[in-house]
Amino acid sequence: VQLQASGGGLVQPGGSLRLSCAASGGTSFSNYAISWFRQAPGKERAFVAAIDWRAINAYYSDSVKDRFTISRVKGIKRVYLQMNSLRPEDTAVYYCAADSRRYYSGSNFATEGVYNVWGQGTLVTVSS
């Protein structure tokens, strides 16, 4: 499976964007946990959000909780990240990632090593 992240762009503080992570190839995308990570300029990549394969549990970093929402629709090879109330500190390249090895759990969802398939990233810039 390959992942393609899209939807990034320039937005003013307080604005919204919706990122999309589309899968191609493979037949088991609906069985994979999916996450979003981001890398701000000069910083290490950091966890943003994750959703399990049944879309029952979603997890968020403290910095985006109550502002961002990760979602997926059963049967559709796409995962979304709705980002509201954006702040300049949300500026980063956003990556989606999938766990095709079924390592994901409620205790390791924020760990990069859980995810073995990564998209190329989409740039989000929050600035006035």
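Which residue forms a salt bridge with arginine 45, and how far apart are the closest N and O atoms? Work through it in Exercise 1. Keep in mind that this is a predicted model.

**Exercise 1. Describe the salt bridge of arginine 45.**

Solution. 
- Step 1: find the partner. Glutamate 112 forms the salt bridge with arginine 45, and the closest N and O atoms are 3.0 Å apart.
- Step 2: check the cut-off. A salt bridge needs a side-chain nitrogen of Lys or Arg within 4 Å of a carboxyl oxygen of Asp or Glu, so a pair at 3.0 Å qualifies.
- Step 3: Glutamate 112 is in the loop between E9 and E10, while arginine 45 is in the loop between E4 and strand E5 (46-51). The pair links distant parts of the chain, 67 residues apart.
- Step 4: Glutamate 112 has a relative accessible area of 30%, so it is partly exposed. Arginine 45 is partly exposed too, with a relative accessible area of 27%.

**Exercise 2. Trace the network of salt bridges that contains aspartate 90.**

Solution. 
- Step 1: Side chains of opposite charge can pair when their charged atoms come close.
- Step 2: take the pair with arginine 38. Aspartate 90 forms a salt bridge with arginine 38, with the closest N and O atoms 2.9 Å apart. Aspartate 90 is in the loop between E8 and E9, and arginine 38 is in strand E4, 52 residues apart.
- Step 3: take the pair with arginine 67. Its side chain meets that of aspartate 90 in a salt bridge, 2.8 Å from N to O. Arginine 67 lies in the loop between strand E6 (58-60) and strand E7 (68-72), so this pair ties together parts that are 23 residues apart in sequence.
- Step 4: join the pairs. Arg38, Arg67 and Asp90 are linked in a network of salt bridges.
- Step 5: Aspartate 90 counts as buried because its relative accessibility is 1%. Arginine 38 is buried as well, with a relative accessible area of 12%. Arginine 67 is also buried.

**Exercise 3. Is alanine 5 buried or exposed, and what does it touch?**

Solution. 
- Step 1: locate the residue. Alanine 5 is in strand E1 (residues 2-6).
- Step 2: apply the cut-off. Buried means under 20% relative accessible area. Alanine 5 is at 3%, so it counts as buried.
- Step 3: list the contacts. Neighbours within four places in sequence are left aside. The contacts of alanine 5 are then Ser20, Cys21, Trp36, Tyr94, Cys96, Gln120, Gly121 and Thr122.
- Step 4: The C-alpha atoms of alanine 5 and alanine 23 are separated by 9.0 Å, and the two residues are 18 residues apart along the chain.

**Exercise 4. Follow the strand pairing from E1 through E3 to E8.**

Solution. 
- Step 1: start at E1. Five bridges join E1 to E3, and the two run antiparallel. Leucine 3 has alanine 23 in E3 as its bridge partner.
- Step 2: move on from E3. Six bridges join E3 to strand E8 (residues 78-83), again antiparallel. Here serine 20 stands opposite tyrosine 80 in E8.
- Step 3: look at burial. Six of the eight residues of strand E3 (residues 17-24) are buried, so E3 is largely enclosed by the rest of the structure.

**Exercise 5. Which strands pair with E9, and over how many bridges?**

Solution. 
- Step 1: take E4. Strand E4 (residues 33-39) pairs with E9 in the antiparallel sense over seven bridges. Phenylalanine 37 has tyrosine 95 in E9 as its bridge partner.
- Step 2: take E11. Three bridges join E9 to strand E11 (residues 122-126), and they run antiparallel. In E11, valine 124 is the partner of alanine 92.
- Step 3: take E10. Strand E10 (residues 117-118) pairs with E9 over two bridges, in the antiparallel sense. Alanine 98 has valine 117 in E10 as its bridge partner.
- Step 4: check burial. Seven of the eight residues of strand E9 (residues 92-99) are buried, so E9 is largely enclosed by the rest of the structure.

**Exercise 6. What does the side chain of asparagine 108 reach?**

Solution. 
- Step 1: locate the residue. Asparagine 108 lies in the loop between E9 and E10.
- Step 2: find the atom. Its side chain reaches the backbone oxygen of tyrosine 103 at 2.8 Å.
- Step 3: list the contacts. Leaving aside neighbours within four places in sequence, asparagine 108 is in contact with Tyr103 and Val114.

Methods:
Residues are numbered from 1 along each chain as its sequence is written. This is a predicted model: local features need pLDDT of at least 70, side-chain atom pairs count only at pLDDT 80 or more; totals for chains, interfaces and linings use all residues. Side-chain values use heavy atoms; hydrogens and water are left out. Helices (H or I, at least four residues) and strands (E, at least two) are DSSP runs, numbered from the N terminus. Buried means under 20% relative accessible area, exposed over 50%, partly exposed in between (1.4 Å probe, protein chains only). Contact means heavy atoms within 4.5 Å. Two strands pair if DSSP finds at least two bridges between them. A polar contact is a pair of N or O atoms within 3.5 Å; within protein, one must be able to donate a hydrogen and the other to accept it, and residues adjacent in sequence count only if both atoms are side-chain atoms.
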